[in-house]
Amino acid sequence: MINKTIGNKKGEILSGEEIPVLTRKDFVSDQEVRWCPGCGDYSILAQMQKMLPALRIPRENIVFVSGIGCSSRFPYYVESYGFHSIHGRAPAIATGVKAARPDLSVFIVTGDGDGLSIGGNHLIHILRRNLDVTIILFNNRIYGLTKGQYSPTSDIGKTTKSAPLGTIESPLDPVRLALAAGASFVARSVDRDTTHLESILYKAAKHKGTSFVEVYQNCNIFNDGAFSAFAEKNVRPEKMVYLEHGEPVRFGKQREHGLRLDGFTPEVVENATADSGLLVHDIHQESTALASILSTMDYPDYPVPVGIFRQVERATYEDQLEMQVAQARENQPPELQDLIAGQETWVVG
Amino acid sequence: MAIDSKSEERIETRSQATVRFAGDSGDGMQLTGNQFTKTNAVYGNDLATLPDFPAEIRAPTGSLPGVSGFQISFSSNDIHTPGDNPDVLVAMNPAALKTNLTDLIKGGLLIVDADEFKPLNLRKAGYEKSPLEDGSLAAYQLISVNITQNNERALEDLDLKPKERFLSRNFYALGIILWLFNRPLETVERWATDKFSRNPIVLEANLRALRAGNAFAETTELIHHRYEVAPAEVAPGTYRHINGNEATALGLVAASQLADIPIFYASYPITPATDVLHELAKHRNFGVKTMQAEDEMAAVCAAIGSSYAGSLGITGTSGPGLALKSEAINLALMTELPLVVLDIQRAGPSTGMPTKTEQSDLLQAMYGRNGDSPVIIIAPATPGECFEMAIEAVRLALTYMTPVIYLSDGYLANGSSPWLVPSIANFDPIPNNYKEVVRDGDSAYDRDPETLVRRWAIPGQKGLEHRVGGIEKSFETGNINYEPSNHHKMTLARAQRIAGAVRDIPDQVVNGPEKGDLLVLGWGGTYGAITSAVTQAQEEGMSVASAHIRYLNPFPKNLEEILNRYETILIPELNNGQLSVLIRALYNVDAIPFGKISGQPFKIKEILGKIHHVLGHSKSFKFDFEED
């Protein structure tokens, strides 16, 4: 048999295996990177390559799966196994990879068009099934590879070549979608904040279950500055909220402001004190209510929340599948000839 | 002519009989047909069956669209089809009579449940007057039985609601038929005892209904004689009953064991392919992983992902689903990964007629994708053969690292026949292109210079880290390559790789004379009708042979030479001439297309009639359903 399951926990190798000491450059492939100069994708690739050695997983046990679009070129640039598939289908391909081989560490790289438009259905269903894979959705709110059409996350009114009078479609929020689909790990980061991004990628990779990470990514050609109002270094402290588990939700240069709930509505408290009744973030809540409320905080009405919205433990698809196989084998050892003969036979001659 | 000493009824010996059970879709006609089938199989007849059920799960009770039918033909000789026209029709209500009567042979036996010919039911079936009373059934031997009332009476002391009693009428009807053909009740009784072991009242009701119907038939004056169909002379061995979908699923499990590679089967429910998913889902103990995908694309993509990771990726669908999978099939082709795609064909285009059979996806399988994209295509010819051909699909996919499209159809999928259970020890192990050892300088795109097949480099193999994808790849390295010369070379290489599979497929065989006036060329589920018709034509002294193609791309290497040995080539197909297009284009042969596109399989007499016409023995040929 070809496949021997050698371990199935992402980020862990079974004892007795040689733990490789790898560096960032071990994950740099020999392929020439072909994104536009200045593209936010470079940062995401760099943080990923920096993060991967920390997982201590052999390169050959890592698989990157992507769909179609600028972001989906990603697997070519990582020195591991990679599958650049077809538009929207990366979650489905990855489902097959992981269901067949739970021992592999699987990453999905997708974009707002690939993952939310043509592949929206697959994204919902992989989140629902909870395969132990890590999904990085590059959200630049535009179609890049096809040269500048609006995407399902483009702001309403956005003028593009396909909407010269402005788009009349409401955008979709990837975090809200992931929460609604029951994702066991939902996070957001931005390309410009490399430290935060690397740490979120690491936590996502370590989570057992489907990890969904939305990364705000600047397309400097077709949608330049889409996130600069809150993601540039100088405005970040005031305009973004870094969610931390178990901590009051605070922001500002000195973390002087905070958030509390007025019913179901988040409310900014400037210069908050210990008595301000600030919301304490809890990523492990089974209910998605808190995470959902936080996910409704849109710029400019609120500072933009980044970090982990939700992280809960839930049985993975592949573990349950393996369990069914093991249980079935125990209940009824496989006897092929008996199976072929079936329940009712008769003998002639 | 034997005399039954007890009842003094005549027993007429026949070599073959065809019986159709027809009723409302809630009347249990499929179950009744299956039980009668099993009884005859155990008795030793050769047989073939054809269920014909409505598209609606529960169409309005008593309506014409709600009629469900099951036909069985059983014989003391070799038999290949479920019979052209029934000799006996059981009609459980007026709608069943209306939709099935035209098929019953003139003078045939017609058994009806008279209780159901009530004004409301007659109206639903579009009868103004009861056909039982207006003399319109004079051409048949009408046996009008108060099945519902008699059955009620037999069950009256059981603690059941009237509606529940009504549900066992089919057993009453089965009891009549078993008596009519002089068959024991034992097989049905044994099955029922097992099936309803947890529900003693229902078991009792069904057994009583069965016996009451049987006793009624024995004592009534209405039935004048019984029929005897002697056991057939069939090859010795252990037999079972199998339909095409079951055989396909079991073939895949067997192939997985022969290849020593676990199956990953992903599928989206679609008629008539879903039963393959149902069957495979039962076999987790063989390491079979099944997944009900969110859509057709997900199903094929998950299968491809599993193949990439070293499993045997398989997906199953029907025509509309094949269309949705076409982009992904090309991905498997481009990435040179093994993939088996089952297409259990149904009547198209679009949604078409999901429960009706057709062979109209051949050209879709052949050409229904963007670019020059050859894949291997094979097709089983009989329900039992689905087992071997499923193994063949896996063997070719693993040998040539390619998608293989397996074209079954609704007729094969649901039709069943006795099947000589093969011994798995007689099958060869299936090799693949995985190599355990990775040497310095090895690459995922190392190719066999003769077959052009690349190695199966699966994740986990150190030193073979590589990227695959749908973008054109360099022949040598597998890296993205847009060079004109490389695309030209790769396109030819893909064609050559598939064409080269001919070395691994058996030669075409011919049934009948080696050369002659006419070759009837077929493929897929039309095998039974073609073979029966050609055998009959040969008996009539005509110079006719038949050849049934199992390997449609590439064709067997001796096919062209065979075609050249006959004056005329006739190609019957359940489509508007798709194999004809391929044969004409590839071999420049003036083949005569003969398409039937009614959603129903060929009748033997239709093919025989066409043979007569082509050979000049008759002036014209028309299907019965064609208007003048």
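1. Conventions. Residues are numbered from 1 along each chain as its sequence is written, while chains are lettered from A and ligands numbered from 1 in the order in which they are written. Since the model is predicted, local features need pLDDT of at least 70 and side-chain atom pairs count only at pLDDT 80 or more, whereas totals for chains, interfaces and linings use all residues.

2. Confidence. The model scores ipTM 0.96 and pTM 0.92. Over residues 1-7 of chain B, pLDDT stays under 50. For that stretch the model has 9 contacts beyond four places in sequence, a contact being two residues whose C-beta atoms, placed from the backbone, lie within 7 Å.

3. Interface between the chains. Contacts link 53 residues of chain A with 59 residues of chain B. On the chain A side, at least two residues each are supplied by β2 (81-84), α2 (90-100), α4 (120-129), α10 (317-331), α11 (336-341) and β12 (345-348). Here helices (H or I, at least four residues) and strands (E, at least two) are DSSP runs, numbered from the N terminus. The element of chain A that gives the most to this side is α2(A), with 8 residues. By class, the chain A side comprises 28 nonpolar, 18 polar and 7 charged residues; Ala, Val, Leu, Ile, Met, Phe, Trp, Tyr, Cys and Pro count as nonpolar, Asp, Glu, Lys and Arg as charged, and the others, Gly among them, as polar.

4. β12(A) runs antiparallel to strand β10 (residues 237-243) of chain B, joined by 4 bridges; strands pair if DSSP finds at least two bridges between them. A:V347 has B:T238 in β10(B) as its bridge partner.

5. Domains of chain B. An automatic or database domain assignment provides the bounds: domain 1 (2-229), domain 2 (240-426) and domain 3 (516-614). The centres of domain 2 and domain 3 of chain B, taken over C-alpha atoms, are separated by 25 Å. Their contact takes 24 residues from domain 2 and 21 residues from domain 3. On the domain 2 side, α13 (362-367), β15 (376-378), β16 (403-409) and α15 (410-414) of chain B give two or more residues. The residues of that side divide into 17 nonpolar, 4 polar and 3 charged.

6. The sheet of chain B. Seven strands form an open sheet with mixed pairing, in the order β12-β11-β13-β14-β16-β15-β21 (chain B). β12 (289-292) and β21 (551-553) of chain B each have a single partner strand, so one side of each is left without a neighbour in the sheet. Within the sheet, β13 (residues 312-317) and β14 (residues 339-345) of chain B run parallel with 4 bridges, and B:I314 has B:V340 as its bridge partner in β14(B). Helix α12 (residues 319-335) of chain B packs on the sheet, touching β13, β14 and β16 of chain B.

7. A helix pair in chain B. The axes of α4 (residues 147-154) and α6 (residues 169-180) of chain B come within 9 Å and cross at roughly 105°. Axes are lines fitted to C-alpha atoms, for helices over the stretch in contact, and angles run from 0 to 180 degrees between N-to-C directions. B:I147, B:T148, B:N150 and B:N151 in α4(B) meet B:R169, B:Y172 and B:A173 in α6(B).

Technical notes
pLDDT is the predictor's confidence in each residue, from 0 to 100.
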